[in-house]
Amino acid sequence: MVKDNTAGSRLFDIALIVILVGIAILCILPIWYTLAVSLSNNAAASSGRVGLWPVGFNLGSYQELMGDRKFFNSFWISVQRVILGSGLNFVVILLMAYPLSKNAKELPYRNVLMWILVFTMLFNGGLIPWYMTVKSLGLINNIWALVLGNSVPVFSVILVINFFRNLPKELEEAALVDGAGPWRMMIQIFVPLAGPVIATVTLFSIVYHWNEFFNGLVLMSAADHYPLQTYIQQMVVVIDANTMTAEQIQRMSELSNRTLNAAKIFIAMIPVLVIYPFLQRFFITGITLGSVKE
Amino acid sequence: MINKGFAKHYYLMLLPGMIWLTLFSIVPMFGIVMAFQDYNPGLGILHSEWVGLENFKYMFSLNDSVTILVNTLVIAVLKIVGNLIIPLVFALLLNELRLRYLKRWIQTIVYLPHFLSWVILSGILLDIFGYTGPVNQILSVFHIKPVLFFGRADLFPALIVGSDVWKEFGFNTIIYLAALTGINPALYEAAAIDGATRFKRMLHVTLPGIVSAIVLLSVLSLGNVLNAGFEQIFNLYNPLVYSSGDIIDTWVYRTGLVNLQFSLATAMGLLKSVVSFLMITISYYLAYRFANYRIF
């Protein structure tokens, strides 16, 4: 790094720090504000007196939330969905990526299969045909609709395929010489090596399943089967947005229990905030691991 | 050493994934025939009446069609531009920061909004921009009357694009930051010796060094020209802002799953899928030609 010692350069350095820290604060601010609102008393929150610090600090909204069975029911459904969905993704991604990383000589029709995979990323039948397909499989209102609903995560499969292709051929040859069959080769040699890329892909899958609300809305017909994001969407967002006139919207925003809503939102953020530090280590390096290098 | 005997096992490994893919990605593709039928749920796909291009003709005659197409294009293009420029500027600024510790903290914080869902963020945004929310509180200090932000069709696209850029700019800087580390430091020193100021160094060393990343990202973003962001808009819109905020995907959702006009919704969905497919294919081809970018 070249160091200029001009006054202009040093002034720029200071201004730079101010701007960048300001932008970073801007990213944290809405989350902090929500926390502050959730810890305030409702009258203050509704009249807009809450700034960066809670007004009338009380844990009432969280206490009320503890007793909310529907919230925890949806929370549990989301947890189930993440475990089933990410677990299934982990297995299927590896099972697909390993064979497809071989050449067409070892796996006939490999190129055809790759193009089919890529095609499904580029084109889809649309919302209605997809919905009818899930319905005709009898999965409506079933947690498996949420787990299987968005099909194979093809982009992740391609990332892992490229990773496997970048591994040295000698590895496979050495194992073959030692008499390893295809399953042993995959499970005992290739999968352990794929640690970083698989971690990245699985973490993205976890975040996706946790955050996804639309499948829950459309594929679940009973409100007690809603995953957490869908439950929040119906309770918090819909009430605010689906009114007709300006006066009604104003009245609704005064009546709604803003601290309780803020508490629900904050609790739903917590899992992501908690695994975020672990995510960070992986996703920056993980994305480049799956690029084509030859 | 190539082993052809393992093919059977490879196919077995592929089986679960291919079944899953076929059922949930490929089978729905056949549903597009509904766009050419007068679909009747009672008769099913096989027995509903074939009407050819009737649905499309009707679709083009609707006033809504022009509105949603314009809204989709406006919002999507503004998002593409915003999501290319803001992360670039931020990456350049961050690159100029020499305090490594601060740099890492800022990066950590700035990547965070990308991982929050639009449901969560909508709840927060509707609160912040609400009638009695902090933004209006601040405006009242300047004696400006409270603005119903998310109820105004003229402000809606700006709010949508702005909040999306806020959410994604951090994560989008990763690629630029990676490209910036690839610039040879000796080039900076050489430029400094030749008398280039900091700004000139950025203009003549930094920018040319990452131009390939900029071109690549621009070209790849072409494929998204019809994706205005369903999840975001669905959570933030309401009937008051349909005139500027209703996009293709939200219209398809209402028409198909709320009003149960399956054929019409499928027709519009098919149109979007076909155009998107063409745009993405073109963008990938351009990326392959100009930036040697390959998916596999």
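**Before you start**

Residues are numbered from 1 along each chain as its sequence is written, while chains are lettered from A and ligands numbered from 1 in the order in which they are written. In this predicted model, local features need pLDDT of at least 70 and side-chain atom pairs count only at pLDDT 80 or more, whereas totals for chains, interfaces and linings use all residues.

The mean for chain B is 91, and 99% of its residues reach 70 or more. For the complex, the predictor gives an ipTM of 0.88 and a pTM of 0.89.

**Stop 1: the contact between the chains**

Show both chains. The contact takes 85 residues from chain B and 90 residues from chain A. Two residues are in contact if their C-beta atoms, placed from the backbone, lie within 7 Å.

Now select residues 7–30 of chain B, helix α1. This helix gives the largest share of the side of chain B that touches chain A, 16 residues. Helices here are DSSP runs (H or I, at least four residues), as are strands (E, at least two), numbered from the N terminus.

By class, that side of chain B has 55 nonpolar, 22 polar and eight charged residues. Ala, Val, Leu, Ile, Met, Phe, Trp, Tyr, Cys and Pro count as nonpolar, Asp, Glu, Lys and Arg as charged, and the others, Gly among them, as polar.

**Stop 2**

Axes are lines fitted to C-alpha atoms, for helices over the stretch in contact, and angles run from 0 to 180 degrees between N-to-C directions.

Angles under 35 degrees count as roughly parallel, over 145 as roughly antiparallel, 65 to 115 as roughly perpendicular and the rest as oblique. The crossing is left-handed, that is, the near helix is turned anticlockwise from the far one by less than a right angle; clockwise is right-handed.

Show side chains. From α4(A), pick V92(A), L95(A), M96(A), Y98(A) and P99(A). From α1(B), pick Y10(B), M13(B), L14(B), P16(B), G17(B) and W20(B). This contact has 10 nonpolar, one polar and no charged residues.

**Stop 3: α4(B) and α8(B)**

Select residues 63–96 (helix α4) and 156–180 (helix α8) of chain B. Their axes come within 6 Å and cross at roughly 45°. That angle makes α4(B) oblique to α8(B). The crossing is right-handed. Their contact has 17 nonpolar, five polar and three charged residues.

**Stop 4: α13(B) and α14(B)**

Go to residues 248–258 (helix α13) and 262–291 (helix α14) of chain B. The axes come within 8 Å and cross at roughly 160°, which makes α13(B) roughly antiparallel to α14(B). The crossing is left-handed. Contact residues include W251(B) of α13(B) and K272(B) of α14(B).

**Stop 5: the annotated spans**

Select residues 69–283 of chain B, which an unreviewed UniProt entry annotates as "domain: ABC transmembrane type-1". Such annotations may be inferred rather than shown by experiment. The span is 75% helix and 0% strand, with its end C-alpha atoms 20 Å apart.

Technical notes: pLDDT is the predictor's confidence in each residue, from 0 to 100.
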